[in-house]
Amino acid sequence: MSSLEICLSHELIHQHDLKNKIVVVTDVFRATSCIVAGIQHGIEAIKPVIEVEVCREYQSKGYLAGGERHALMIEGFDLDNSPFSYMKPEAIGKKVVMTTTNGTLAIDKSKQDADQVLVASFSNLSATANYLKSQGQSVVVVCAGWKGHPGLEDVLFGGALAKSLENTFELEGDSTHLALSTYTVAENNLLDYLQRASHLKRLKNLSGGKDIPFCLEIDLYDVVVGLNTVGELVKLA
């Protein structure tokens, strides 16, 4: 039986063996929510990078530049880190280069050893779970977190995915069972439960108020998003 385990932060990724496995990166608030929404709404591909200057280089070649630093839009960029930004009509059919504080770093760390890297959020939970069932490989969920610390919203997504797969995957590791137990408590009202989450409080203090409930909507989209051979995030199924 294939296994599923959850890594609570990208800083803990070295404790997990990614070889011959599919990695699912989640950064609910907000990078992977942006990516899934953007691909669903017609963005051709999203190139995740670490450095702001690399984004600017791609921007000069015709890419739209998107992302954030410390949850704030980067000066001179075309898109911020709100999912609604990635749904703009002017982004349809375009390629986007993206850098964020945590999400794109987690993707970069994951791609070093994994067989395949997916990105997911609550908005494509079931589509991602069904895809994983079809692949017959073990899975590691990498929670992006916030600057090395676990993020409650990402842990809840990991628990939701674990619950979707618990009958077909062997759940391994205390962090996986912790995430599953937490989701079981919170699943009937994620928004209420997450009022204690540090990143939600950060977003409330900025401009992310409308983003928060959107990022917690389950199964808005029937789309699977993953890295292709040239390092761009595209629609897989």
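Trainee: Hi! Where does T101 lie?
Mentor: T101 lies in the loop between strand 6 and helix 3 (103-110). Helices (H or I, at least four residues) and strands (E, at least two) are DSSP runs, numbered from the N terminus.

Trainee: And what should I keep in mind about the model?
Mentor: This is a predicted model, in which local features need pLDDT of at least 70 and side-chain atom pairs count only at pLDDT 80 or more, while totals for chains, interfaces and linings use all residues. Residues are numbered from 1 along each chain as its sequence is written, and side-chain values use heavy atoms, with hydrogens and water left out.

Trainee: Thanks. Back to T101: buried or exposed?
Mentor: T101 counts as buried, at 15% relative accessibility. Buried means under 20% relative accessible area, exposed over 50%, and partly exposed in between (1.4 Å probe, protein chains only).

Trainee: Which residues is T101 in contact with?
Mentor: Setting aside neighbours within four places in sequence, T101 is in contact with E68, R69, H70, A71 and K147. Contact means heavy atoms within 4.5 Å.

Trainee: What about L64, where is that found?
Mentor: L64 is found in strand 4 (residues 64-69). L64 counts as buried, at 15% relative accessibility. Beyond four places in sequence, the contacts of L64 include D78, E90 and V97.

Trainee: Let's switch to rings. How many aromatic pairs does a search of the whole structure find?
Mentor: The search finds three aromatic pairs. One of them is Y58 with Y63, an edge-to-face pair at 5.0 Å centre to centre and 75° between the planes. Rings of Phe, Tyr and Trp (its six-membered ring) pair if their centres lie within 6.5 Å; planes under 30 degrees apart count as stacked, over 60 as edge-to-face and the rest as tilted.

Trainee: How covered are those two tyrosines?
Mentor: Y58 is partly exposed, with a relative accessible area of 22%. Y63 is buried, with 15%.

Trainee: What lies over the face of F84?
Mentor: K210 does, at 4.7 Å from the ring centre. Y58 has a lysine over its face too: K61, at 5.4 Å from the ring centre. A charge sits over a ring if NZ of Lys or CZ of Arg is within 6 Å of the ring centre and within 35 degrees of the ring normal.

Trainee: New topic: strand 1. How many of its residues are buried?
Mentor: Five of the five residues in strand 1 are buried. S3, E5 and C7 point one way, while L4 and I6 point the other way.

Trainee: Which strands is strand 1 joined to?
Mentor: Strand 1 runs parallel to strand 8 (residues 139-143), joined by four bridges, and E5 stands opposite V140 there. Strand 1 also runs parallel to strand 9 (residues 170-171), with two bridges, where L171 is the bridge partner of L4. Two strands pair if DSSP finds at least two bridges between them.

Trainee: And where is the place of V225?
Mentor: V225 is in strand 10 (residues 225-227). V225 is buried, with a relative accessible area of 0%. Residues up to four places away in sequence aside, V225 touches I35, V36, I39, L118, V119, N124, L233, V234 and L236. The C-alpha atoms of V225 and N124 are 9.0 Å apart, for two residues 101 apart along the chain.
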